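Visitor: Please take me closely through the side-chain pairings in this model. Then set them in the context of the whole fold.

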Amino acid sequence: MNPLYTLAVWCPDWPVVAASAEASLAPHLPAAVVAAGEVVACSAVARAEGVRRGMRRRAAQAQCPELAVFEHDEVRDARFFEPVAAAVEELATGIEVVRPGLVVVAAQGPVGYFKSPESAAERLVDHVAVRAGVEAQVGFADGLFASTLAAHRGVVVPPGRARDFLAPLGVHELDQPAEHRADRAALVDLLRRLGLRTLGAFAAVPERDVATRFGRAGVMAHRLAAGLEERPRSRRRPPADLSVTRELDPPVDRVDAAAFAAKGLAEHLHAGLAGRGLACTRLGIRATTENGEELHRVWRCADPLIPQGIADRVRWQLDGWLTRANLAGADLTRAGLTGTGPTAGIRQLHLDPEEVVDATALQPGLWPGAGQDQGEAAERAARAMVHVQGLLGPDAVLTPVLGGGRGPVERVRLVPWGDERTPATNPDQPWPGRLPAPSPATVFPEPEPVALLDESGADVVVTGYAELVVRPHRIVHGGRARQVVAWSGPWPVDERWWDAETALRGARLQVLGTAADGEEQAFLLIRSGGKWAVEGVYD
């Protein structure tokens, strides 16, 4: 059976759009969203300045000093996407939110109503711009994967031609960054090393050979490359008694209260599905307000949902509805949101597993994190840590606790696994002179000796006013020399001056060095007592 002809509406760089809207950032300013110190999305203006997804935060800021950086926030992304989904739904009923920034719907209705895919695409783009105030691109193709890639390019792929459309595209398209699938990234890397660089080349490999070499994950990716759905469409319709409902008394109008209710409901839904050997891939969320308003949204997921995934999507959707309800018109505009939300609190919440698959898709992996519930993985890891402590003693397994302080070493306290993770000093107190973020990835327990030399090979000196006497030219650490290409600082250090034994006076300096083989390394240096030492190393 061929995949359903699908219309996809995609908003480019959505995490950046949502973050910029929340911060009221002007669209002509470069912006990026980071997670774990790495750029996960950036605006077109930032890309023009050389910022790329996957860059470390420091490298991106060095490339574009005026870059506005925001932390990744999935709740914010979903909240600001609700007006977009509502705008699409006004012209095309039965939409499914795949993730914030991407919504899909069966193409038959819009194409029939607007007479052609091109007309439907034009009307949707204009309507989303007017109603939600954001840019969108529309694509048509068979199935979710092909239609998403068509939307990335703003093209209409005729029915039955998805495989021809996908064939010349690179295999990297299988690894969509927004899906956060580490297994797919490893598969793409392996396919490239095997010489299968296009989706067409991968699709030409017999499925039996793919299953033998790459396993179940490879077969699913192979189906996508061939223009098919990741799983066949012969999915079971769940029995009606698997839907779960909760009455909220009193009605809730706050996101935190609604999210608390959603967590228990998500666990109840998952338990009912698991009891029948099923897992949910399309989740219907329905809410009823005190005034009788019916709110409904469908979320679609490539992978079967675990309890946390169900709870997350319910929380995101409730955040989108309730935030619009709690803001007046002017506040709504300042927050970057449009349209209207419910006029009263939510009194009933209903979850419906609209599409299910066999729960074998949720089979726990052998190693923690291999597609299994992270709570279970954490529990297994905890048991292993306790076992090691039983063999080697309590101090054999230590956990770092981040506290207050100015330098990187004094902020970290190591406590035995299982002990209360109490910081040595309060991190919430003001710490004038604290080292600016980001912190070094590697911090040495004791600063290691390092040589910082000028062009003549002499030691670089810092004055009593925390100023460099000469430009640093070369840094030597661990027997390896690097040419200094950039530095920041120095910053004066004057700590515990009242205690002669623990007092520290000197200056800190951040240095970026390049070795002869082109490898770059950033260091955090401190000069004290007339000598340089390295306190930490950045990634």
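Guide: A salt bridge here is a side-chain nitrogen of Lys or Arg within 4 Å of a carboxyl oxygen of Asp or Glu. The model is predicted, so local features need pLDDT of at least 70 and side-chain atom pairs count only at pLDDT 80 or more, while totals for chains, interfaces and linings use all residues. Residues are numbered from 1 along each chain as its sequence is written, and side-chain values use heavy atoms, with hydrogens and water left out.

Start with R57 and E71. Their side chains form a salt bridge, at 3.2 Å from N to O. R57 sits in helix α3 (residues 57-63) and E71 in strand β4 (residues 68-71), so this pair links distant parts of the chain, 14 residues apart. Helices (H or I, at least four residues) and strands (E, at least two) are DSSP runs, numbered from the N terminus. R57 has 25% relative accessibility and counts as partly exposed. E71 is partly exposed too, with 47%. The cut-offs are these: buried is under 20% relative accessible area, exposed is over 50%, and partly exposed lies in between (1.4 Å probe, protein chains only).

Next, D13 and R47. This salt bridge has an N to O distance of 3.0 Å. D13 lies in the loop between β1 (5-10) and α1 (14-23), and R47 in helix α2 (residues 44-48); the pair therefore ties together parts 34 residues apart in sequence. D13 is partly exposed at 22% relative accessibility. R47 is partly exposed at 31%.

R161 and D164 make another salt bridge, at 2.8 Å from N to O. R161 has a relative accessible area of 44%, which is partly exposed. D164 reaches 47% and falls in the partly exposed class. Elsewhere, salt bridges with shared partners join E96, E229, R282, R300 and E354 into one network. The structure holds 20 salt bridges.

Now the rings. Rings of Phe, Tyr and Trp (its six-membered ring) pair if their centres lie within 6.5 Å; planes under 30 degrees apart count as stacked, over 60 as edge-to-face and the rest as tilted. The whole structure gives five aromatic pairs. One of them joins W14 and F81: the centres are 5.3 Å apart and the planes at 75°, so the pair is edge-to-face. W14 is in helix α1 and F81 in helix α4, 67 residues apart. W14 is buried at 4% relative accessible area. F81 is buried at 2%. W299 and W316 have centres 5.8 Å apart and planes at 55°, so their pair is tilted. W299 lies in strand β10 (residues 294-300) and W316 in helix α13 (residues 307-326), so the pair ties together parts 17 residues apart in sequence. Both W299 and W316 are buried.

On to the nonpolar interior. A nonpolar core is a set of buried Ala, Val, Leu, Ile, Met, Phe, Trp, Tyr and Cys residues joined through side-chain atoms within 4.5 Å. The largest one has 62 residues, and F140, L283, V314 and L351 touch the most other members. Helix α4 (residues 74-91) supplies the largest share of this core, eight residues. Contact means heavy atoms within 4.5 Å. Neighbours within four places in sequence aside, L351 is in contact with residues including V244, L265, L283, I310 and V314. A second, separate core of 27 residues includes A141, F145, A150 and V188.

T289 is in strand β9 (residues 278-289). T289 is buried, at 0% relative accessible area. Not counting residues up to four places away, T289 touches L295, P342, A344, G345, I346 and R347.

Finally, the whole protein. The protein has 16 helices and 20 strands. Buried residues make up 44% of its 539 residues. Of contacts between residues at least 6 apart in sequence, 57% join residues at least 24 apart.
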